[in-house]
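Colleague: I'm new to this one and would like to learn how to read it. Could you take me through it step by step?

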Amino acid sequence: MAHTTIDGGAATVPAAAPPGISSRNAPRLGGFNATMLAIELRRLLRNRRSMIFAVLMPVVFYFVFRSQSFDAGGGNTAAFVAISLGVYAAMVSTASVSSGVSVERSQGWSRQLRITPLSGTAYIVSKILVAMVMGLVSMGLVYAIAAATGAQMSASAWVESFLLGWLGSMLMAAFGLMVGFLLPAENAMQVMGMALTLLAFAGGVFIPQTVFSTGFDLFARLTPMYGVTGLAHAPVLGWDHLGIWLLNIGAWAVIFVGAAVLLFRRDTKRV
Amino acid sequence: MTENIVRTPRTAPAAGGARRNRPSGASTPVAVQLQNLRKSFGKVAAVRGLNLTIQPGEIVAFLGPNGAGKTSTIDMLLGLSQPTSGSVQVFGTTPRRAIEHGLVSAVLQTGGLLRDLTVEETLRYTGSLFNHTQNIREVLQRAGIERLAGTRVGKCSGGEQQRLRFAMALLSDPALIVLDEPTTGMDVTGRRDFWTAIQADARRGRTVLFATHYLEEADQYANRIVLIRDGELVADGTSAAIKAQASGRTVRATLPGLSNADAARFPAVTGADINGEVVTFHTTDSDQLARFLLTRTQARDVEITAHSLDQAFIALTSQSPPGDGIAAPRPGSPDARPAG
């Protein structure tokens, strides 16, 4: 094994012992940690586009829609609109944040991460967590402003509708991941903007499900925001359609998560 | 190699002087071992049976023209792609496992950075993923980008971004750094600064493997050059030896009925292209070969052509596919490494 390259013998022997696999440990949790989450959150605050799109727009919409009057069940109209726009804020936030994986793909960051110990699962989990934090903030803002400007419902309805809407918005985080792994960055952002608005109309976010015609309602039930929106309103309006909502959420969860997983595998396939 | 992970910190006091002396024989895993490595994309063979062993502490240039299979090989070395056949071992284990344990890092050709992060954030993010991390200040300093800590990555020049990639690669204090065409697109100053940083780092005993198509870079910064062409190894040796081989002359002669096997036995021949009756010999000693041809064979019309270094390199890396002529020294054979 006498290599002509290692001439000079002891003089060029490295100061550190040649390491082996035994000298280092792999990180726990596939590299998932608080530092990366904190940096991801800071990135979000800097992203002016998503701040306007996901945080400010729902608040503006809230003030626009608040003045309408219709049968709003156990709360006033403002409370009804607060729930709708709060859920909307959460869903837009989670979807747009998680669709940001498309940007990381196009900038080669996801490839770079593959030469670190970070596991694919840890990467996805971090994206969903950050998306949920963003959803929490934007929905919280709508609720806070609504509560301060005259929306009224029972305390338990405030809490329950918030939790149902926020947790339900995780469905749209999966949707965002699916789009983010499917499309290049520029297209992903355009598709998200369009798709979220259309889905919000169809799902009863901007127009209450209670005023849908029977025919439209049958169609609306098949769209992915229908279940979460209905569920978030249930603490005020009642749980009559619980089965349909859960079925809607379950089916779309299977579709979005399944597609996201398949597309992620395609993206990181070690060909 | 060792299968179970013994949780011993790298800095644990070793018995006696064992840390300073290279442990002998089997207990030292080689840094890189490629065995009959092949990679095909559909019908296109990018890597065709590469064998290569790199010892800890070597600085190896992976030299070849564009499309020679350098990046394909590096991707397999980093676990970014799977070999079609053959095996890759890094420190006695799989590439993925070596990366998880922070033993290997890489500077890839382009991309790999988030433009909206600052330089420091990029390093903190990357560093947080490893169990063993270097001090970020120190890494910034070693890559020569201290003053850029608070700058957005998107605002850094190409050379600065490349040094950031290098800093990221240093974070885990890896035993092996792989650089894929690290200075592509850099200006002269950027290139020199970058290599200064790499060299300073290599003096600390790290194994470095870099791909390049610049002969000059390989010459100046590597202590071993592995030359590949069409996915096969064509030469392997010190830069001096490769230079001697690459700067050899060509001797052309008319010599009917010569076979490749005959040509290979002629003195100082490193390769031969036979085209009808005309044979073009690549040689390390044109005088000796010419004398031999004129006195011991029926050769006529003997011409000797000298190449410049660059021309010779091009000749060495762009010959017609092996099989038409004698390939330059075969990997693994005793003459594979020209004396140097």
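Colleague: Which residues do ring pairs link into a cluster?

Modeller: A pair of aromatic rings is described by the distance of the centres and the angle of the planes. Here, rings of Phe, Tyr and Trp (its six-membered ring) pair if their centres lie within 6.5 Å; planes under 30 degrees apart count as stacked, over 60 as edge-to-face and the rest as tilted. Ring pairs join A:F61, A:F65, A:Y88, A:F201 and A:F206 into a cluster. This is a predicted model, where local features need pLDDT of at least 70, side-chain atom pairs count only at pLDDT 80 or more, and totals for chains, interfaces and linings use all residues. Residues are numbered from 1 along each chain as its sequence is written, chains are lettered from A and ligands numbered from 1 in the order in which they are written, and side-chain values use heavy atoms, with hydrogens and water left out.

Colleague: How many aromatic pairs does the structure hold over all chains, and why is the pair B:F194 and B:W195 edge-to-face?

Modeller: Over all chains there are 21 aromatic pairs. B:F194 and B:W195 count as edge-to-face because their ring planes stand at 75°, with the centres 5.9 Å apart. Both B:F194 and B:W195 are buried (buried means under 20% relative accessible area, exposed over 50%, partly exposed in between, with a 1.4 Å probe and protein chains only).

Colleague: Which residues touch the most other members in the largest nonpolar core?

Modeller: A nonpolar core is a set of buried Ala, Val, Leu, Ile, Met, Phe, Trp, Tyr and Cys residues joined through side-chain atoms within 4.5 Å. The largest has 124 residues, and A:M172, A:F175, B:L123, B:F166, B:L179 and B:F210 touch the most other members. Helix 3 (residues 77-98) of chain A gives the most to this core, 14 residues (helices are DSSP runs of H or I, at least four residues, strands are runs of E, at least two, and both are numbered from the N terminus). There is also a second, separate core of 35 residues, with B:A31 and B:L77 among them.

Colleague: Is A:S126 buried or exposed?

Modeller: A:S126 is buried, at a relative accessible area of 1%. A:S126 sits in helix 6 (residues 120-148) of chain A. Leaving out residues up to four places away in sequence, A:S126 touches A:F32, A:M36 and A:L37 (contact means heavy atoms within 4.5 Å).

Colleague: And how does chain B look, with how many helices and strands?

Modeller: Chain B has eleven helices and 14 strands. Of its 340 residues, 53% are buried.
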